[in-house]
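I opened my notebook to look up a few things in this structure. Here is the model, followed by my entries.

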Amino acid sequence: MTGTQGSRRYSTAERFKTWKRDKWAEGYREGWKIGHRKGFDVGVKNHMMLLNYCALRKFGERTADDLAILLEDTSSELRKENLIELAESIIECETPAQLLERVRRWVEPGA
């Protein structure tokens, strides 16, 4: 089966070359999207780990563990949206209960 465009017939080698170029470009775009997503997720995870460490330093191990459990199943997008709020909460809250309550409000909206 030979592809045609107008009156010219393309050889199998030419069609393969075009197919290969198109598939490579498609794969490149898809790979970039996957890599970008992974990089985004890793970046957010690293920021959260740093903030969890700050909570550990200020409130102790139990609060840091509770915070990690609260954040464990949240999406990277939700975490990203609340990075600054979490940092401010760690600074502003005076007790572990205050911190965990603030975090619960954005992790579990109905809580």
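**Entry 1: Trp 106.** I looked up Trp 106 and found it in helix α5, which covers residues 96-107. For helices I took DSSP runs of H or I with at least four residues, for strands runs of E with at least two, numbered from the N terminus. This is a predicted model, so local features need pLDDT of at least 70 and side-chain atom pairs count only at pLDDT 80 or more, while totals for chains, interfaces and linings use all residues. Residues are numbered from 1 along each chain as its sequence is written, and side-chain values use heavy atoms, with hydrogens and water left out.

Is Trp 106 buried or exposed? Trp 106 counts as buried because its relative accessibility is 9%. My cut-offs are under 20% relative accessible area for buried, over 50% for exposed, and partly exposed in between (1.4 Å probe, protein chains only).

Next I asked which residues Trp 106 touches, not counting those up to four places away in sequence. The list is Met 48, Leu 71, Leu 78, Arg 79, Asn 82, Glu 85 and Leu 86. A contact here means heavy atoms within 4.5 Å. I also checked Trp 106 against Asp 66: they are 40 residues apart along the chain, and their C-alpha atoms are separated by 15 Å.

**Entry 2: Asp 66 and its partner.** Asp 66 forms a salt bridge with Arg 62, with 3.9 Å between the closest N and O atoms. The rule asks for a side-chain nitrogen of Lys or Arg within 4 Å of a carboxyl oxygen of Asp or Glu. Both residues sit in helix α2 (residues 61-71), and because they are 4 residues apart there, about one helical turn separates them. Asp 66 is partly exposed at 27% relative accessibility, whereas Arg 62 is exposed at 67%.

**Entry 3: the other bridges I looked up.** How many salt bridges does the rule give? The count comes to 5. One of them joins Arg 37 and Asp 41 at 3.2 Å, N to O. These two are 4 residues apart in helix α1 (residues 12-59), so about one helical turn lies between them. Arg 37 is partly exposed at 39%, and Asp 41 is partly exposed at 28%.

Another pairs Asp 22 with Arg 21 at 3.6 Å, N to O. Arg 21 is found in helix α1 and is exposed, with a relative accessible area of 52%. Asp 22 is partly exposed at 41%. I also looked from Arg 21 across to Glu 101: 80 residues apart in sequence, they are 54 Å apart in space, C-alpha to C-alpha.

**Entry 4: the whole chain.** I then stepped back and read the elements in sequence order, which gave β-β-α-α-α-α-α. Why do I call the chain more spread out than a compact globule? Its radius of gyration is 25 Å, well over the 13 Å that the globule rule gives for 111 residues, so the chain is more spread out than such a globule. The radius is taken over C-alpha atoms, and the rule is 2.2 Å times the number of residues to the power 0.38. Along its principal axes, the C-alpha trace spans about 80 × 30 × 20 Å.

Of the 111 residues, 23% count as buried. Among contacts with a separation of 6 or more, 61% come from residues 24 or more positions apart.
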